[in-house]
Amino acid sequence: MRNLIAVAIASATIAAPAAAQSVYDSNVRTAPQLIQYQIKSPVNETITELIAPIFVVIPVSSTLSFDVGSAYARARVTPNGAGTEQTSTVSGLTDTQIRANWSLGTDFVVLTAGLNIPTGHETATEAEQLAAFRIGNDFLAFPISNMGTGFGATGGIAIARPVGSWNLGFGGSLRQSASYEPFVANTSARPRFQPGNEYKARVGLDHPFGTGRFAVGFTYSKFGNDDIGGSIYNTGDRYVAQVGLNNSLGGTTVLVNAWNLYRRSGTIFTGERTGPENIANVLVGLGFHVMSGVIEPSVELRHWTQENLSTSMLGTFGLRYNVDAGGFAITPSAGYTLGKFASLDGTADLSGFRAALAVRFGP
């Protein structure tokens with residue numbers, strides 16, 4: 001949910017003027033998912049997340065639209081070994097995020113305003129903290145990475161222009177968040193956490209390629225200092241590069257997506273630095289028209305490097321089937337994962353699976 005109201009210009013396509021829209025063109029989307037990773041010795045944990053999100057898009061006119069999203073989530077960490085560790089579970093509603101998009105000049109300029117309403121489970125008890133912490137791992141990339149935060153607001157602008165046969169888009173956003181109490185300490189104290197401001201800048205290019213498109217983008221995110229109970233932290237700025245390509249070969253659609261996330265060194269409250277990290281991901285998929293839908297097998301590879309730790313890697317073999325019948329679309333999918341997970345205790349074998357059912361009601 002943390003990126004739901006970020007300014008998005010991954011595709012800088014300049015479209016023809018949109019047809020008139022109204023609230024009668026609203027649609028509802030949901031995608032229940034179950035994700036589980038089993039991490040062997042020396043970590044010895046099974047991490048499971050079940051989510052049921054709902055997302056409503058309300059077009060007021062051809063230039064103004066609203067969307068609202070929230071979810072129910074349940075995360076659970078179960079020890080695999082014979083030790084005395086306890087199972088950690090956290091569950092409940094997540095925050096509600098509301099976004100307004102206002103397009104100017106047939107989408108040449110898009111203004112975005114978003115609110116994060118703290119309806120989620122923002123304070124984790126001591127028994128819930130391990131599960132709440134594990135789902136925030138960027139390498140494992142759980143779809144819900146936090147259960148709740150404080151009130152927040154985001155404002156942004158995105159601009160897209162044709163440059164010859166290319167489309168160029170760029171934009172920026174600012175996010176400010178109120179303080180909240182993320183956990184209960186073992187002393188029963190509830191330290192307040194004040195997140196720093198987040199500043200984001202993004203640029204993207206795309207171009208027709210055969211029957212599809214080629215797109216490339218770069219995002220820079222700068223984070224202010226976080227303050228928890230008077231202790232100052234900084235998680236480090238982030239750089240994300242993305243590239244995507246899709247085209248048809250015969251009757252088959254080919255899709256290639258890749259991204260790379262680099263996080264600079266941050267600091268902890270003592271002033272000591274935390275090491276940088278880098279996550280690279282590549283996905284290759286094929287689409288075959290079968291009966292009234294499209295079946296899409298895929299292979300995804302991910303690579304994670306951290307300072308003073310071994311390399312983590314995973315590969316996911318996925319399959320999904322998409323059926324679109326105008327006002328109704330359904331996409332079941334499943335995937336199986338194998339890999340290695342590095343921690344301070346050593347490198348562990350990793351396996352896992354995921355299953356999802358995405359449904360859209362409305363145009």
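This is a predicted model: local features need pLDDT of at least 70, side-chain atom pairs count only at pLDDT 80 or more; totals for chains, interfaces and linings use all residues.
The structure contains 13 salt bridges. One of them joins Arg99 to Asp67, with the closest N and O atoms 2.9 Å apart. This pair connects distant parts of the chain, since Arg99 belongs to strand S6 (residues 96-104) and Asp67 to strand S4 (residues 64-79), 32 residues apart. Arg99 has a relative accessible area of 16% and is therefore buried, the limit being under 20%. Asp67 is likewise buried, at 4% relative accessibility.

A salt bridge also forms between the side chains of Glu296 and Arg320, at 2.3 Å from N to O. Glu296 is part of strand S20 (residues 293-306) and Arg320 part of strand S21 (residues 312-324), so the bridge ties together parts that are 24 residues apart in sequence. Arg320 is partly exposed, its relative accessible area being 39%.

## Other charged groups

Arg302 and Glu300 form a salt bridge in which the closest N and O atoms are 3.1 Å apart. Both of these residues, Arg302 and Glu300, are buried. Elsewhere, a network of salt bridges links Glu181, Arg190 and Arg192.

Arginine side chains also sit over aromatic rings. Arg161 lies over the face of Phe108, at 4.7 Å from the ring centre. Arg238 places its charged end over the ring of Phe223, 4.8 Å from the centre of that ring.

## The largest nonpolar core

The largest nonpolar core comprises 25 residues, and those with the most contacts inside it are Ile39, Phe139, Leu140, Phe142 and Phe341. Two or more residues are given to this core by each of strand S2 (33-39), strand S3 (45-59), S4 and strand S23 (346-361). S4 supplies the largest share, 4 residues.

Leaving aside residues up to four places away in sequence, Leu140 touches Tyr37, Ile47, Arg302, Phe341, Leu350 and Arg354. Among these contacts is Arg302, the residue that forms a salt bridge with Glu300.

## Aromatic pairs

There are 10 aromatic pairs in the structure. Tyr239 and Tyr262 make a tilted pair, with 6.3 Å from centre to centre and 35 degrees between the planes. The two residues come from distant parts of the chain: Tyr239 from strand S15 (residues 238-249) and Tyr262 from strand S16 (residues 252-263), 23 residues apart. Tyr239 is partly exposed at 26% relative accessibility, and Tyr262 is partly exposed at 33%. Both tyrosines also belong to a cluster in which ring pairs link Phe218, Tyr220, Tyr239 and Tyr262.

The rings of Trp304 and Phe341 have centres 6.0 Å apart and planes at 50 degrees, so this pair is tilted. Trp304 lies in strand S20 and Phe341 in strand S22 (residues 328-343), so the pair ties together parts that are 37 residues apart in sequence. Trp304 is buried, with a relative accessible area of 6%, and Phe341 is buried, with 10%. Phe341 is also one of the residues with the most contacts inside the largest nonpolar core.

## Antiparallel strand pairing

S16 pairs with strand S19 (residues 277-290) in the antiparallel sense over 12 bridges. Within this pairing, Leu255 stands opposite Gly285 in S19. S19 also pairs with S20, again in the antiparallel sense and over 12 bridges, and Asn278 stands opposite Thr305 in S20. The hairpin of S19 and S20 has 2 residues between the strands, and Met291 takes a positive phi near 50 degrees there.

## A three-stranded open sheet

An open sheet is formed by 3 strands in the order S10-S13-S14, with antiparallel pairing. Strand S10 (193-194) and strand S14 (231-233) stand at the edges and each has a single partner strand, so one side of each lacks a neighbour in the sheet. Strand S13 (residues 226-228) pairs with S14 in the antiparallel sense over 3 bridges. Ile228 has Ser231 in S14 as its bridge partner.

Terms used: Residues are numbered from 1 along each chain as its sequence is written. Side-chain values use heavy atoms; hydrogens and water are left out. A salt bridge is a side-chain nitrogen of Lys or Arg within 4 Å of a carboxyl oxygen of Asp or Glu. Buried means under 20% relative accessible area, exposed over 50%, partly exposed in between (1.4 Å probe, protein chains only). A nonpolar core is a set of buried Ala, Val, Leu, Ile, Met, Phe, Trp, Tyr and Cys residues joined through side-chain atoms within 4.5 Å. Contact means heavy atoms within 4.5 Å. Two strands pair if DSSP finds at least two bridges between them. Rings of Phe, Tyr and Trp (its six-membered ring) pair if their centres lie within 6.5 Å; planes under 30 degrees apart count as stacked, over 60 as edge-to-face and the rest as tilted. A charge sits over a ring if NZ of Lys or CZ of Arg is within 6 Å of the ring centre and within 35 degrees of the ring normal.
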